[in-house]
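Dear colleague,

I am handing over the structure below, and my notes on what was found in it follow. Please read them with the coordinates open beside you.

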Amino acid sequence: MSYCSQRPASLIVCVLFNSCTFLTMQYDNPSMIEVLPVTSPGVFEFEVDADEGVDVMFVFTNVNTSLDSIPPDVEVATRVDGAEFATPTRPTPLLQCEHTEGINGFIDESTREIVKSLDRNQTPARNHQSIFGQDFNSDVVGGTQSFNVIQSGGIDTETSTCRLSIGPVATSFGERTLNIWVADNCWETGGDRSHLITGNMVDALGESFLAEGSFNDIYDWTTAIIGAEWGTTPFSELIPHNQEITILLSDIEDDDSSNGGIVGYFWAGNNVKPSELAGSNGRVMFVVDAVMYANPSDNGGSVDPDDQWSTDDYWPTVVFSTLAHEFQHMIHFYQKNIVFGAPDTTDTWINEMCSMLVEDFLADKIDVAGPRGVDPQIADSGGSGNTNGRLPGFNAYLDRSLFVDGAQQFELEDYSISYAFGAWLARNHGGVELLGQLVRSPHVDPAAIESAVMHVGDRVSFDDLLQQWAIAVTLSDRTDAPTPFVYNNGGWFRSTIDGHEYRLGSINLFDYKPMPSFAASTAQLSYTSIEAGSSAYLLATSNKTGTKTWEIEVPETVRLSVVTKVHE
């Protein structure tokens, strides 16, 4: 069967499959955008015949999920008109460092060991509190204690003082109490750091995370989506549930850095009884960098005439967003590995994606830019030349693999790749309901994403999702792209859970600096393979009129997508 059809703007698009069958991309909407996903390998002939200028993009997505090497060693030579095509040369972005290998590596590796070591055959402890043998209600303002803090060189001990205790506060998951401790060397009296914590800073941190009232803080907003952070557990080596959460403000890395480094972390090791794990604090807790949080700079730099600290300053807003990010990790550990019994930790890229989606969903509520890097009260994509947020890093590394497992170091740019995928996924496949399903499931790999997407009513394979995402990248500058290829609708993407509304702003990847870089010819290449879980983009022709034909050879594990749109 062969057929060809014509759209109102006199653009005829045909694809000749294996020299025998014509298929047509049907123009059935006024946006003049056509998308043809091809899901099988082979040799294809593509022809465009246009009376007005059109742009034609070929996107090659490697749906192989192999993680056998670093980077995945997947040779997938794709050919366009007889020439090998892979990806253009990677530009070098200017990205601010905020994570170091030592601490992240320790947290990832030790958490994996903790999860695998849990005795899943034991009977539940009958009296958790007496087995643990520690009084959690000793947290009082003015109380002192030594805390174990992870540093790159190992675990250090910080003498600290309790500076705030909030609660018990009623939440949807029962009463909660928040205790905020500050390392003595970071406190306003007696501290020796460049920026010191004061009482109003502690109050602001506490109010942002846990406040009296309903649905008005990071705790409520996050748990409504993905569930409680801790509760009963069948494992006697884990601490009991006492409805308390601890935040420790300390100089992470002991570097006195006020404008870069690790902003905060959650370590599942603290959820293990100290008698079972050396270095555990035996608390459900976060650690937040005190020096950065106390930095009064408006722009995040070390040189700024403004010395008046405010919650609107650069680093405090980053810390508030980081609390949401790390809270997801805390909940993820409990929901995924304890409640739903996953015997291993979630793939790093998926876990980090979930944390950045929590930041994204909460950005307008916390009033921070979040990973989108746009004023959180602006629904559209913002202005051009944006260097904020995670997406400039994604644009700079379009060809980088999405897949990073625990055996690989999760680099700064990997956060950008994971967020870019998650941002598209949430805007097209279920919003907050999708995120809740991702976290509250026993799956720890791409099956978790497939399962969550199916739960919200979309029967789409993970391979199809990768291909849809790659297509969406090319159309993010349009507010009329067809579903499910939408990053940008010109306004809010709204979703609700239990009657609570969450909003995600639109994204135009071409508003960021650098913009996405597409190869303009097969000659613009520096290497000839497409990494697993990544895509290569070829702008085959721009503002083309008349007839042009391409022959495209697509190997196994690669999906071809053809995108045509009227040139603007």
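**Aromatic contacts**

In this predicted model, Trp349, Phe394, Phe403, Phe421, Trp424, Phe462 and Trp469 are joined into a cluster by ring pairs, where rings of Phe, Tyr and Trp (its six-membered ring) pair if their centres lie within 6.5 Å, and planes under 30 degrees apart count as stacked, over 60 as edge-to-face and the rest as tilted. The search of the whole structure finds 28 aromatic pairs. One of them is the edge-to-face pair of Phe215 and Tyr502, with 5.9 Å from centre to centre and 85° between the planes. This pair links distant parts of the chain, 287 residues apart, since Phe215 lies in the loop between helix H3 (199-209) and helix H4 (218-226) and Tyr502 in strand E14 (residues 500-504); helices (H or I, at least four residues) and strands (E, at least two) are DSSP runs, numbered from the N terminus. Tyr502 is buried at 0% relative accessibility, on a scale where buried means under 20% relative accessible area, exposed over 50% and partly exposed in between (1.4 Å probe, protein chains only). The rings of Phe410 and Tyr415 are also edge-to-face, because their centres are 4.7 Å apart and their planes stand at 80°; Phe410 is buried at 6% relative accessibility, and Tyr415 is buried at 2%.

The charged end of Arg503 is 4.0 Å from the ring centre of Trp492, and Arg400 lies over the face of Tyr397 at 6.0 Å from the ring centre.

**Salt bridges**

The count is 14 salt bridges, each being a side-chain nitrogen of Lys or Arg within 4 Å of a carboxyl oxygen of Asp or Glu. Among them is the bridge between Arg427 and Asp360, whose closest N and O atoms are 3.0 Å apart. The two residues are 67 residues apart in the chain, with Arg427 in helix H9 (residues 412-428) and Asp360 in helix H7 (residues 348-366). Arg427 is buried, with a relative accessible area of 7%, and Asp360 is buried as well, at 3%.

Arg478 and Asp480 meet at 3.2 Å, N to O; here Arg478 is buried at 7% relative accessibility, whereas Asp480 is partly exposed at 33%. In the bridge of Arg494 and Glu501, at 3.1 Å, Arg494 is partly exposed at 49% and Glu501 is partly exposed at 35%. Asp192, Arg193, Asp251 and Asp254 are linked in a network of salt bridges.

**The second largest pocket**

The second largest pocket holds about 220 Å³ of space. Of its 14 lining residues, Asp55, Thr474, Asp477, Leu539 and Lys565 are the closest to its centre. Strand E4 (42-62) and strand E16 (558-566) are the elements that give two or more residues to this lining, and E16 supplies the largest share, four residues. By class, the lining has six nonpolar, three polar and five charged residues.For this pocket, a 1 Å grid is laid over the protein atoms alone, and a pocket is an open set of points where a 1.4 Å probe fits, with protein on both sides within 12 Å along at least five of seven lines, while lining residues have an atom within 4 Å of a point. Grid points are joined across faces, edges and corners, and the volume is the space filled by probe spheres set on them. Ala, Val, Leu, Ile, Met, Phe, Trp, Tyr, Cys and Pro count as nonpolar, Asp, Glu, Lys and Arg as charged, and the others, Gly among them, as polar.

**Conventions**

Residues are numbered from 1 along each chain as its sequence is written, and side-chain values use heavy atoms, with hydrogens and water left out. As the model is predicted, local features need pLDDT of at least 70 and side-chain atom pairs count only at pLDDT 80 or more, whereas totals for chains, interfaces and linings use all residues.

With kind regards

How values were computed: Lys NZ or Arg CZ within 6 Å of the ring centre and 35° of its normal.
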